[in-house]
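I opened my notebook to get to know a new structure. Here is what I looked up, step by step.

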Protein chains: 2
Amino acid sequence: MRASSSEDVIAATTAASLAAPALAASSLADRASWLRALADALDADVTSLVDLADSESHLGTARLTGEVARTSGQLRLFADVILEGSQLEALIDHAVPDAAPPRPDLRRMLRPVGPVAVYAASNFPFAFSVLGGDTASALAAGSPVVVKAHPGHEELSARVFDLALLALASAGAPEGTFGIVYGMDAGVQLVSDPRIQAASFTGSERGGRALFDLAAARPAPIPFYGELGSLNPVVITPAAVAERGTSLAEGLAGSFTMGVGQFCTKPGVVFVPADSGFEELLLAALPAPVPGQMLDSRIASAFASGQSVLASRPSVSLLSSTESPAGFAAPLVGSTTVAALLDDAETLLEERFGPFTLLVSYTSLDEVIAAIAVIGGSLTGTVHAEPTDDVAGLTDALAEICGRVLFAGWPTGVAVTWSQHHGGPWPSTTASIHTSVGATALRRFLRPVAYQSAPDALLPEALREANPLGIPRRVDGELRLP
Amino acid sequence: MRASSSEDVIAATTAASLAAPALAASSLADRASWLRALADALDADVTSLVDLADSESHLGTARLTGEVARTSGQLRLFADVILEGSQLEALIDHAVPDAAPPRPDLRRMLRPVGPVAVYAASNFPFAFSVLGGDTASALAAGSPVVVKAHPGHEELSARVFDLALLALASAGAPEGTFGIVYGMDAGVQLVSDPRIQAASFTGSERGGRALFDLAAARPAPIPFYGELGSLNPVVITPAAVAERGTSLAEGLAGSFTMGVGQFCTKPGVVFVPADSGFEELLLAALPAPVPGQMLDSRIASAFASGQSVLASRPSVSLLSSTESPAGFAAPLVGSTTVAALLDDAETLLEERFGPFTLLVSYTSLDEVIAAIAVIGGSLTGTVHAEPTDDVAGLTDALAEICGRVLFAGWPTGVAVTWSQHHGGPWPSTTASIHTSVGATALRRFLRPVAYQSAPDALLPEALREANPLGIPRRVDGELRLP
């Protein structure tokens, strides 16, 4: 295990802090070229990176190869996003000298917040790690990044970091733009370092809460964008089971076992109509009960002990429970009722990271809506219904507790586009008004600055009268395209 | 002194919580009509409201009458803002079935966060109080509001609340849209109430930090948007003193004594060229040393004890120091050097709420830039320079630490427009990426929700294919005007 010393952490944050003014002053075109250079470097090395990632994470080369493509695509998306310019949120109000009181010329835009700490996740060794979405969006925003590597894939992290440093240097990014630290102590020190201005995190509720608390306890607290855990409720209507029960069962089986169930958007609670036969359909659709190797032994043993807890609950039937060797887990399906779920909510609504899903049989959608309110914050909520179903109330109930409402699909798999939102009320994220995936993710690392009565030459280009960057701006209240 | 009971607080937050779904479902047009009804109600009662406000705050009828106009104007601005629709940040990505992997239809918009706690300030009995900017922006966002009244103007708060309730009811707003609580205990309880989803605050660093810590310590933490204190550095170049020293002195004298110095944007530290004669110009420009009555006795005695602390410092000369009766304060000017300021930063850089400003003589702008970095987070930073001065570096240094950079003006007075930004790095605010004044203030009370593959009829109107609201949206990456 690698472990950065306290001096290493200070060196990384100091370098980031020294680089911050140059990054803030860098052009959008330059930053876009850095992001593209990083994407190209990942793609150029995909085979050997995937091999190394698989040896550390056991996620399989097919999935990991796709993840590299997603990660490089994400870097390129942010390059496109910043060149378009809307992320600067440029606003111009010309002076109104004859107003009472007279109004000065006022122009506002977003500027980078400064050095950002990015805590890598275990379950996406590329997409939520060293060059993942948090790093991409922070660099796109113009903020230097210090990554805390995940111990589950340290050698991969070091390799990706090395190739990133080379790519950034070749593309002309300032020294100090990107740093990395290793080990839990370094991670704790990092979030409290006064040079760090924001932090992002993907991981467990326990770890995330501890770092969130440290961020809030600083003499000058910083925003902590954490993604901590999610149950991702799914609701299947009687009409949907009747119309396409088998394909729904196959879809669910694929979704909750994908990546050995180690996705933050894994469907953890599935409301199914009582006596609809869906349980049997799901069991029939389950893949052969071959245990899959989990990311690490801590995750595997947490899953196993969760299985023991569930087995001890009389209100839950475990419909499939293959024994697995240490470090592995086989698909596990539980079954209960809405009443039992609400009775034993603390245990039954705990996130089980691994290939487990809980079928909850219901007799009315009102009962489901009440249960959804108890489930609380989730990244996603899914509805499987037929056009004849009235699911407007259900849709609203899901929108209240989650960040993405899906129809006719499964929550695993997160498209990286302009519209994506990956976030939700606590505990799914610590800051539900922001996203960690999609074009708007860079808003986390930008803060507004207004300029009053500034001479044109002293204004950032984005706010100069002639609009030299050619970006969309709101002028005197009117949104104008370039 | 009024004091709400624990039951009162629960009743207010419960009512807000029950109203939240109706507010979230309300149309933009309806919400705009509520905001306009509130503005009309304030304006209709301006004379008697100002009399009551003056009796409690001693701020004078002229200033308070202007503040009512600002406050009703602010409510009307938010009505205009939400009808335009950009605040919904509607994004639509159509499905791309032949992408690898295939991309689903994905649409994202912002929805209200739910019940908001608003902590009123003492120094703006209208603009940062019951119907001030925080309330206006939260209601505009579609979030119910529970105000914690400020003890400095409780009778005014109750009067404004009563007229607001009537106006909201007449305009058809749901019951529970707006509530109020009184007293410190109620305020502490409010921020920890699980039904409250966000809080905003304007006041002291001590009080704000205590509430911030409570918000962060909740089982499910909430965002706390606090404005805590600000030094608002001003820099005057030698050329500016030479060109217009007298008018600058008059401007500064007016700005730091306005409202008996009780503005969050009061210029607290003014860098002036050594041996430029600006001190004498300022003393000559000071109004007759008639002590003004302060907002309350606690603020007055804090100012008086601050004066004693400064008087004990050999590195500071107090250039004007009239004795004031209890509860009053006279304009006070201190003088020191950059070196002494940095030597005794903790004391000399403490915010003094009241009519005090500290002149800091400098010999080079580099010296000023170094001192600005030590000052840290401020709401504003001001430059008075001539076209021949090179102040690009100084402008960048100010933009690093503050939320609004002014040229040729004074920071007191905050225009309420689309472009305004009122915020800055800690301690000036707890969340420097958001503003409490200006059109974008409602972003604090909105959170994104994405809809994947949703039937058109189940989508919120803002995201339906036909754009029935006629709002700006980004479709497949392209920003489109209606």
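**Entry 1: the model.** I reminded myself that this is a predicted model.

**Entry 2: where the chains meet.** I looked up the contact between chain B and chain A, and found 67 residues from chain B and 67 residues from chain A in it. The area buried there is about 5500 Å², and carbon and sulfur atoms give 57% of it. I then found four salt bridges between the two chains. I looked up the one that joins the side chains of A:Glu400 and B:Arg111, at 3.2 Å from N to O. I also noted 46 residue pairs in polar contact between chain B and chain A. On the side of chain B that touches chain A, S17(B) gives the largest share, seven residues. That side divides into 37 nonpolar, 13 polar and 17 charged residues.

**Entry 3: the cores.** I found that the largest nonpolar core has 234 residues, and B:Phe271 is among those with the most contacts inside it. Helix H2 (residues 28–44) of chain A gives the most to this core, nine residues. A second, separate core has 42 residues, including B:Tyr119 and B:Ile222. Going back to B:Phe271, I listed some of its contacts beyond four places in sequence, among them B:Pro233, B:Leu341, B:Tyr362 and B:Ile372.

**Entry 4: one residue.** Is B:Thr347 buried or exposed? I noted it as buried, because its relative accessible area is 13%, under the 20% cut-off. B:Thr347 sits in helix H13 (residues 345–348) of chain B. Its side chain makes a polar contact with that of B:Arg313, at 2.8 Å.

Conventions:
Residues numbered from 1 in each chain as written. Chains lettered and ligands numbered in written order. Predicted model: local features only at pLDDT ≥ 70, side-chain atom pairs only at ≥ 80, totals over all residues. Heavy atoms only, no water. Helix = DSSP H or I, 4+ residues; strand = E, 2+ residues; numbered from the N terminus. Buried < 20%, exposed > 50% of the residue type's maximum accessible area, 1.4 Å probe, protein only. Polar contact = N/O pair within 3.5 Å; in protein donor to acceptor, adjacent residues only side chain to side chain. Core = buried A, V, L, I, M, F, W, Y, C linked by side-chain atoms within 4.5 Å. Contact = heavy atoms within 4.5 Å. Buried area = accessible area lost by both parts, 1.4 Å probe. Nonpolar A, V, L, I, M, F, W, Y, C, P; charged D, E, K, R; others polar.
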